[in-house]
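Work through the exercises below with the model open. Each task is followed by a solution in steps.

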Amino acid sequence: MSSTETPSSSAKLSLNVVNRQGETVGTVEVDPQEFGGKVNKQLLHDVVVMYLANQRAGTHSTLRRGEVAGSTKKLFRQKGTGNARVGTRRTNKRKGGGTAKGPKPRDYEYHLPKKAVQAATRMAVLSKFQDHEAVILDDLTLPEIKTKQVAGVLKALKVQGLTCLIGTSAFDKNLYRSARNIAGVEVMPTSQFNAYAVLRPKRLVLTKSALEELRKGPPTKAAAAP
């Protein structure tokens with residue numbers, strides 16, 4: 001067995017379901033096979049590196065010796081002065097000269113196979129379950145935009161002050177606007193999950209409906225067709 005993979009387990013994971021007051025109101029069983037069965041650390045690493053590379057602007061630029069200001073004339077003759085031979089003022093050996101082999105604008109974007117990226121996302125969620133870094137919430141709908149309510153829920157769940165990702169089954173405007181002003185907290189529907197977004201925060205908070213959406217798996221071509 002590769003050292004980059006965690007052992008596969010057929011035993012179901014029992015996760016507590018809590019309410020907004022942090023009280024346990026039930027349990028839900030999750031089959032690891034629904035999320036790939038095992039966590040491949042190498043695949044997670046590759047997908048996270050790909051995601052970070054795709055975020056790079058690639059606008060870095062340095063001036064080469066042909067682009068800096070200055071004369072191209074040789075500073076003094078080759079022989080007879082007693083000094084070491086020199087070239088122009090633009091050489092990278094002199095202050096104010098060009099940069100040798102410096103970076104120029106480039107595109108860092110590349111893509112791994114779609115199925116590998118989808119598998120990595122599900123493995124990232126499974127790793128949160130296995131490491132006890134996930135919280136299942138029975139419901140988190142808000143009748144109005146109120147940051148205080150979300151802050152109170154996070155405090156009751158004992159994730160206040162920690163970075164966390166709140167996953168919902170669909171985009172919730174009230175919840176998003178209520179939580180966006182809390183440092184380290186991000187609200188995202190499960191359809192927009194990626195391995196980096198799941199792994200980066202310390203805690204993953206999922207509503208029960210969001211968990212059910214994740215258990216369905218990525219949409220197939222037949223289901224996605226109109």
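**Exercise 1.** Which side chains meet in a salt bridge with an N to O distance of 3.3 Å?

Solution. The model is a predicted one. In it, the salt bridge at 3.3 Å joins Lys216 and Glu213. Both residues belong to helix α6 and stand three residues apart, about one turn of the helix. Exposed means over 50% relative accessible area, so Lys216, at 63%, is exposed. Glu213, with 33%, is partly exposed.

**Exercise 2.** Find the network of salt bridges that includes Arg215.

Solution. Start with Glu212, whose side chain meets that of Arg215 at 3.6 Å, N to O. The two lie in helix α6 (residues 208-216), three residues apart. Arg215 is partly exposed at 23% relative accessible area, and Glu212 is partly exposed at 36%.

**Exercise 3.** Explain what the salt bridge between Arg20 and Asp139 ties together.

Solution. The closest N and O atoms of this pair are 3.6 Å apart. Arg20 sits in the loop between β1 and β2, and Asp139 in the loop between β3 and α3, so the bridge ties together parts 119 residues apart in sequence. The structure holds six salt bridges.

**Exercise 4.** Describe how α1 and α2 pack.

Solution. The angle between helix α1 (residues 41-55) and helix α2 (residues 114-130) is about 110 degrees, and their axes are 9 Å apart. Angles of 65 to 115 degrees count as roughly perpendicular, so α1 and α2 are roughly perpendicular to each other. The crossing is left-handed. Residues in contact include Leu43 and Met50 from α1, and Ala116 and Met123 from α2. By class, the contact has ten nonpolar, no polar and no charged residues.

Terms used
Residues are numbered from 1 along each chain as its sequence is written. This is a predicted model: local features need pLDDT of at least 70, side-chain atom pairs count only at pLDDT 80 or more; totals for chains, interfaces and linings use all residues. Side-chain values use heavy atoms; hydrogens and water are left out. Axes are lines fitted to C-alpha atoms, for helices over the stretch in contact, and angles run from 0 to 180 degrees between N-to-C directions. Helices (H or I, at least four residues) and strands (E, at least two) are DSSP runs, numbered from the N terminus. Angles under 35 degrees count as roughly parallel, over 145 as roughly antiparallel, 65 to 115 as roughly perpendicular and the rest as oblique. A crossing is left-handed if the near helix is turned anticlockwise from the far one by less than a right angle, and right-handed if clockwise. Contact means heavy atoms within 4.5 Å. Ala, Val, Leu, Ile, Met, Phe, Trp, Tyr, Cys and Pro count as nonpolar, Asp, Glu, Lys and Arg as charged, and the others, Gly among them, as polar. A salt bridge is a side-chain nitrogen of Lys or Arg within 4 Å of a carboxyl oxygen of Asp or Glu. Buried means under 20% relative accessible area, exposed over 50%, partly exposed in between (1.4 Å probe, protein chains only).
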